[in-house]
Amino acid sequence: MSAPLLQLEEATIQFGGLTAVSAFTTTVADNELVGLIGPNGAGKTTAFNLITGVYQPTSGSIRFAGQLTAGLKPSQLTRLGIARTFQNIRLFGSMSVFDNIRAATQLHRRHGILDALWRGRAYRTGEQDVENRVMELLEIFSLEKQRGELATSLPYGDQRRLEIVRALATKPRLLLLDEPAAGMNPTEKDDLMRLIRFVKDRYQIAVLLVEHDMKVVMGICQRIAVLEYGRKIAEGSPLEIQRHPKVIEAYLGAAVATEKEAPDA
Amino acid sequence: MSRSGAKRWLLLGIALAAVASYFAHSPELGLNRYYLGVTIDAGIAIILAVSLNLINGHTGQFSLGHAGFMAVGGYTAAKISLLVSPAGEAAWCFPLALLAGGLLAAVAGLLVGIPSLRLRGDYLAIVTLGFGEIIRVAVQNMDSVGAASGLKGIPKYTTLGWTFGLAAFTIYVITALVNSTYGRGFIAVHDDEVAAESMGIPTTRYKVTAFVIGAFFAGIAGGLYAHHKQFLSPTGFDFLKSIDIVVMVILGGMGRTAGVVAAAVILTLLPESLRAFAEYRMISYSLLIILLMMLRPQGLFAFSRKSGGAR
């Protein structure tokens with residue numbers, strides 16, 4: 001196999017005396033679906049922020065598509081092909097569903113500020129391309145009927161979906177999803193799992209998923225990394241993770257872990 | 001605004017301005033000097049308010065330095081006119097003087113923008129306020145531009161046509177920009193900077209761009225103002241002037257171009273129409289603004305957000 005798409009090498013970040021993520025080493029390959037789990041405050045979102053350039057690692061390195069990402073801003077990393085959603089939905093509140101996605105096509109527009117003023121042929125064809133692409137995305141993810149509505153007026157599940165579609169509009173190679181199932185009911189969660197698999201297969205992209213809902217994570221991830229207090233305590237297939245004593249300990253406490261291990265042994 | 005319609009509106013605006021200008025200045029059909037003067041004031045206010053709206057309304061950066069940019073443009077244009085044609089014999093230099101004023105103001109916008117746009121909200125407001133005061137104090141101490149006693153004898157080149165032609169141009173540029181895919185970046189920065197950055201929008205560059213474009217038009221407005229009043233004094237560009245423009249933007253409903261244009265006209269005419277009350281003028285003006293803010297905090301002309309592409 002060629003070099004992985006995303007490679008974290010001993011990535012560490014400290015805030016004052018607190019080490020939020022400590023020597024985190026992991027990889028995500030092209031078109032792989034990887035889960036990142038851990039108890040509250042384990043450093044999952046911080047790891048996301050390291051990968052997307054919101055924070056710079058204190059030590060260690062992160063490579064994306066072979067390139068070191070140190071010093072790059074989030075917008076530059078998006079240009080390289082990393083897109084994300086947010087734990088607490090961050091749609092553009094004053095824009096319609098359509099414009100939310102249109103705004104995310106910025107880095108692929110070919111016309112600049114002067115074209116926008118002159119509005120000649122280059123602008124018109126460019127703008128037409130953008131609109132076609134947005135409409136195509138809206139249709140694929142069946143949001144076309146709501147395209148004129150204010151993004152923040154959509155039902156919760158649709159807002160989550162729109163955030164994923166907006167991230168896809170940047171044409172990523174790696175999509176980071178930060179707790180996409182938070183606040184969803186069981187039906188919505190099933191839809192979400194189908195959606196994530198669909199996105200991965202249709203666009204042939206890699207997905208890194210932070211999620212609390214074990215059913216979702218175990219159901220779709222090919223590989224799972226577990227963080228606790230900023231350290232990776234386990235990594236492996238969903239089955240391996242479910243049986244891993246350290247993971248059980250982290251989630252259920254030491255006593256339960258030994259109790260559960262006993263009859264199996 | 002539809003794409004093909006945009007340029008047509010611009011041409012219509014400029015044509016109307018030219019016609020209005022011809023009639024206004026012809027002696028038989030003309031307005032009297034007072035009304036003509038107030039109308040030009042309103043046109044200049046439109047340019048100032050619409051350009052500040054790009055920074056404060058669409059991009060969501062709170063700038064209190066617009067009078068500073070206006071001063072840079074005004075003094076530059078006036079100085080050029082005075083050097084080239086002190087007696088008003090070379091009207092051809094007027095557009096060049098305006099352009100030079102606008103460009104220098106844009107450079108000032110760039111210089112202020114790059115370091116200070118790392119700041120947010122209140123901090124940015126204070127830095128831009130400080131910038132405006134620095135310009136005013138600097139001008140006050142520069143003998144070459146008349147220092148505290150002001151710059152006198154600027155030729156009267158500003159006409160109704162120039163004013164409203166340039167106002168139409170300003171409105172066109174800002175609206176066309178904001179309604180393009182490029183311009184959605186400004187609104188994205190306004191809505192959520194973190195999300196905008198992770199959608200690949202270089203937020204700092206967008207903020208600086210908004211500042212530079214806004215400052216450019218403020219500079220143009222300054223040039224028009226200088227050749228309208230024929231006299232510039234540093235006190236005319238104090239921070240109250242900046243506040244006036246900010247009030248126009250807020251009253252018009254941040255980010256609503258039509259509302260901001262209307263607010264600019266109303267807030268120019270209102271103090272004039274209150275002249276009858278002489279000493280109570282400023283009091284009633286302030287009261288009106290307080291009332292408006294209490295009754296319509298979203299802005300006088302901010303109607304329910306329309307669906308669809310246009311905004």
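## Basis of the description

Helices (H or I, at least four residues) and strands (E, at least two) are here DSSP runs, numbered from the N terminus. With elements named in this way, Q230(B) is placed in the loop between α9 and α10 of chain B. The model is a predicted one, and the positions discussed below should be read accordingly.

## Two residues with positive phi

Although Q230(B) is not a glycine, its phi is positive, at about 65°. The residue counts as partly exposed because 16 C-beta neighbours lie inside 10 Å, and the class of partly exposed residues falls between the cut-offs of 12 or fewer for exposed and 20 or more for buried.

In chain A, E10(A) also has a positive phi, near 55°, and is a residue other than glycine. Whereas Q230(B) belongs to a loop, E10(A) lies in strand β1 (residues 6–15) of chain A. Its 13 C-beta neighbours inside 10 Å are the reason why E10(A) counts as partly exposed.

## Domains of chain A

Chain A is divided into domain 1 (1–81 + 172–238) and domain 2 (91–169), and the C-alpha centres of these two domains of chain A lie 26 Å apart. Their contact takes 11 residues from domain 1 of chain A and eight residues from domain 2 of chain A. On the domain 1 side of this contact, the elements that give two or more residues are α2 and α7 of chain A, and α7(A) gives the most, with four residues. By class, that side of domain 1 has seven nonpolar, two polar and two charged residues.

## Strands of chain A

An open sheet is formed by four strands of chain A in the order β2-β1-β4-β5, with antiparallel pairing. Its edge strands are β2 (18–28) and β5 (67–68) of chain A, each of which pairs on one side only. Strand β4 (residues 59–64) of chain A is joined to β5(A) by two bridges and runs antiparallel to it, and R63(A) has L68(A), in β5(A), as its bridge partner.

Strand β7 (residues 174–178) of chain A has parallel partners. Three bridges join it to strand β6 (residues 82–84) of chain A in the parallel sense, with I82(A) standing opposite L174(A), while five bridges join β7(A) to β8(A), also in the parallel sense, with L177(A) standing opposite L209(A). Five of the five residues of β7(A) are buried, so this strand is largely enclosed by the rest of the structure. L174(A), L176(A) and D178(A) point one way from β7(A), whereas L175(A) and L177(A) point the other way. In a regular strand the side chains alternate between the two faces of the sheet.

The loop between α7 (186–203) and β8 (206–210) of chain A contains I205(A), which counts as buried because it has 21 C-beta neighbours inside 10 Å. Leaving aside neighbours within four places in sequence, I205(A) is in contact with N31(A), P172(A), R173(A), L174(A), L175(A) and K200(A). I205(A) and K171(A) are 34 residues apart in sequence, yet their C-alpha atoms are 9.3 Å apart in space.

## Contact between the chains

In the contact between the chains, 36 residues of chain A meet 29 residues of chain B. On the chain A side, the elements that give two or more residues are α2 (74–80), α3 (97–103), α4 (113–118) and α5 (121–140) of chain A, and the residues of this side divide into 13 nonpolar, 11 polar and 12 charged.

Not counting residues up to four places away in sequence, A49(B) touches I245(B), M248(B), V249(B), G252(B), V260(B), A263(B) and A264(B).

Among these partners of A49(B) are V260(B), A263(B) and A264(B), which are also among the buried residues of α11(B), together with T257(B), G259(B), V261(B), L267(B) and T268(B). The cover over the buried residues of α11(B) includes α2 (33–58), α6 (160–178) and α10 (239–252) of chain B. The 17 residues of helix α11 (residues 257–273) of chain B should span 24 Å at 1.5 Å a residue, and the end C-alpha atoms are 24 Å apart, which agrees.

Terms used
Residues numbered from 1 in each chain as written. Chains lettered and ligands numbered in written order. Predicted model: local features only at pLDDT ≥ 70, side-chain atom pairs only at ≥ 80, totals over all residues. Contact = placed C-beta atoms within 7 Å. Nonpolar A, V, L, I, M, F, W, Y, C, P; charged D, E, K, R; others polar. Domains from an automatic or database assignment. Expected span 1.5 Å × (residues − 1). Pairing = 2+ DSSP bridges.
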